[in-house]
Amino acid sequence: MLNTVLAWTALAVWSAAYGVFFARDARRWWRGRDQRKAERAAQKAQAMATYAAWARNIPPPPSRVPVFPPRRPLPVPPAPRYGGNVVPFPRRAARRQP
């Protein structure tokens, strides 16, 4: 039982010592919260303005339609040379009669 009382007493003294030690820092932190919030808002506004200035300078995206060079016409094959003998088809009258 005595150990429990001594442990709780030590905990209370230790907590009070830390509370007294950090009280000034805790008060300063609590009082500066409005200024920190204003600084964060100013930083955010500055970041948004910087981003907007950066985004305005982005060039437009390239066209999605590919630009091909004009097609070259296919080469025309050379015309065939005409020559040789033309044999006329025999007519009916010229046929031999049986």
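At 75% relative accessibility, Arg72 counts as exposed. This arginine belongs to the segment that follows α2 in what is a predicted model. The C-alpha atoms of Arg72 and Ala41 are separated by 62 Å, although the two residues are 31 positions apart along the chain.

Two packed helices are described by the angle between their axes and the distance between the axes. Here, helix α1 covers residues 2-31 and helix α2 covers residues 33-56. Their axes come within 4 Å of each other and cross at roughly 45 degrees. On the α1 side, the contact is made by Trp29, Trp30 and Arg31; on the α2 side, Arg33, Asp34 and Arg36 take part. Sorted by class, the contact has two nonpolar and four charged residues, with no polar ones.

Trp29 is exposed, with a relative accessible area of 52%, just as the cut-off for exposed, over 50%, requires. Trp30, at 48%, is partly exposed. The two rings form an aromatic pair with 6.0 Å from centre to centre and 45 degrees between the planes, an arrangement that counts as tilted. Trp30 and Arg33 are both among the residues that make the contact between α1 and α2.

Aromatic pairing extends to other parts of the model, and a search of the whole structure finds five such pairs. One of them joins Tyr18 and Phe22, whose ring centres are 5.8 Å apart and whose planes meet at 20 degrees, so the pair is stacked. Tyr18 and Phe22 are both located in helix α1, four residues apart, which is about one turn of the helix. Tyr18 is partly exposed at 42% relative accessibility, and Phe22 is partly exposed as well, with a value of 38%. Together with Trp14 and Phe21, Tyr18 and Phe22 form one aromatic cluster.

Ala26 lies in α1 and is partly exposed, with a relative accessible area of 42%. From C-alpha to C-alpha, Ala26 and Pro59 are 50 Å apart in space, while 33 residues apart in sequence. Arg24 is likewise found in helix α1, and at 60% relative accessibility this residue counts as exposed. Between Arg24 and Pro60 the C-alpha separation is 55 Å, and the two residues are 36 apart in sequence.

Definitions and conventions:
Residues numbered from 1 in each chain as written. Predicted model: local features only at pLDDT ≥ 70, side-chain atom pairs only at ≥ 80, totals over all residues. Heavy atoms only, no water. Axes fitted to C-alpha atoms, helices over the stretch in contact; angles between N-to-C directions. Helix = DSSP H or I, 4+ residues; strand = E, 2+ residues; numbered from the N terminus. Contact = heavy atoms within 4.5 Å. Nonpolar A, V, L, I, M, F, W, Y, C, P; charged D, E, K, R; others polar. Buried < 20%, exposed > 50% of the residue type's maximum accessible area, 1.4 Å probe, protein only. Phe/Tyr/Trp six-rings, centres within 6.5 Å; stacked < 30°, edge-to-face > 60°.
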